[in-house]
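This briefing walks through selected backbone and packing features of one protein model, grouped by topic for use beside the sequence and the coordinates.

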Amino acid sequence: MKKPDEQAIYSSQQSVLFGQTEICYGVNYCDRKTLAIHVYPDGQVIVDAPKNASSQAIAEKVKKRATWIFKQRLQFEAYPPALPQRQYVSGESHRYLGRQYRLQINQGIMEQVKLMHGRLMVETVNPEKTEKVKALLQDWYRLRAKAVFSERYDVCVRQVAKLGIEHQKGFQLRFMSKRWGSCTNQGNIILNPELIAAPKDCIDYVITHELCHLKERNHSQAFYKLLAGVMKDWEEKRKRLNEMVEVRFV
Ligand SMILES: [Zn+2]
């Protein structure tokens, strides 16, 4: 079943007074049944509202959530979004397969994560529990890593077969603070799930690199000659991968 399209049908700027403070907010009217309030790292407040919601009802809801809105804004001031440390709140930028996606956390009856309309959408019963949002995202990234790496692993294994390298054992996923991948003495290929932030050809580079270690253990001339035999532009791929090292997504 297709999910209703949540693209805004039309938007407007509104405001409400909370004590002495005026809260300005944008309203996106869309095909949905409930109101959802988002506070973005720049302090902007956006309300997603059903098409027929009255300005009065929206204002009431914003007023009711005012304390939470102020708290969110304070938190953003204390932790500027430029910091790599994740907050797991709407508006935050997360990387997937080389692209940046804005995180959108919605309240719902399901616990799920999906890419929709160019956004990374998290649906959860309690969107204010950032630990839950973090866990949902990590699970999703891990699942996606497993699926995408399996596909790329198969492609890379076929490529290195031309070099006389055989590998059928698959790979293991493991978070590693300083490595994208490794090849153990027993010939096991280990991949860092965080690699899913990188474009597919950079993922191919890491897998191919580790597969080449099955034949040449060290980073010798022979190793790079082997690698270049199936991936001429490996240096460019490594450069792109290194450029995003500091951009951690979880
Ligand atoms: Zn290596």
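Y88 has a relative accessible area of 5% in this predicted model, and because buried means under 20%, Y88 counts as buried. Y88 belongs to the loop that runs between α2 (66–78) and β5 (93–96), and its phi is near 60 degrees, a positive value in a residue other than glycine. The points below take up other positive phi values, then the sheet, and then the packing of the helices.

**Positive phi in loops and turns**

- Most residues other than glycine have a negative phi, which is the background against which the following values can be read.
- H117, which lies in the loop between β7 (112–116) and β8 (119–124), has a positive phi near 50 degrees and is likewise a residue other than glycine.
- With a relative accessibility of 39%, H117 counts as partly exposed, whereas Y88 is buried.
- G19 takes a positive phi near 65 degrees in the hairpin of β1 and β2, where two residues stand between the strands.

**The four-stranded sheet**

- Strands of a sheet pair through backbone hydrogen bonds, either parallel or antiparallel.
- Here four strands form an open sheet with mixed pairing, and their order is β1-β2-β4-β3.
- The edges are held by β1 and β3 (36–39), each of which has a single partner strand, so one side of each is left without a neighbour in the sheet.
- Direction ignored, neighbouring strands of this sheet are turned against each other by 30 degrees on average.
- Strand β1 (residues 10–18) pairs with strand β2 (residues 21–30) in the antiparallel sense, over nine bridges.

**Packing of α3 against α4**

- The axes of α3 and α4 come within 9 Å and cross at roughly 55 degrees, and the two helices are therefore oblique to each other.
- The crossing of α3 and α4 is right-handed.
- On the α3 side the contact is made by V148, F149, E151, R152, Y153, C156, V157 and V160, which meet K200, I203, D204, I207, T208 and L211 in α4.
- R152, placed in helix α3 (residues 130–160), has a relative accessibility of 14% and so counts as buried.
- Apart from its neighbours within four places in sequence, R152 is in contact with K200, I203, D204 and I207.

**Packing of α4 against α6**

- Helix α4 (residues 200–212) packs against helix α6 (residues 234–243) at an angle of about 110 degrees, with the axes 9 Å apart, and that angle makes α4 roughly perpendicular to α6.
- In passing α6, helix α4 makes a left-handed crossing, whereas the crossing of α3 and α4 is right-handed.
- The contact of α4 with α6 brings together D201, C202, Y205 and V206 of α4 and W234, K237, R238, R240 and L241 of α6.
- Five nonpolar, no polar and four charged residues make up the contact of α4 with α6.

Terms used. Residues numbered from 1 in each chain as written. Predicted model: local features only at pLDDT ≥ 70, side-chain atom pairs only at ≥ 80, totals over all residues. Heavy atoms only, no water. Buried < 20%, exposed > 50% of the residue type's maximum accessible area, 1.4 Å probe, protein only. Contact = heavy atoms within 4.5 Å. Pairing = 2+ DSSP bridges. Axes fitted to C-alpha atoms, helices over the stretch in contact; angles between N-to-C directions. Parallel < 35°, antiparallel > 145°, perpendicular 65-115°, else oblique. Left-handed = near helix turned anticlockwise from the far one by under 90°. Nonpolar A, V, L, I, M, F, W, Y, C, P; charged D, E, K, R; others polar.
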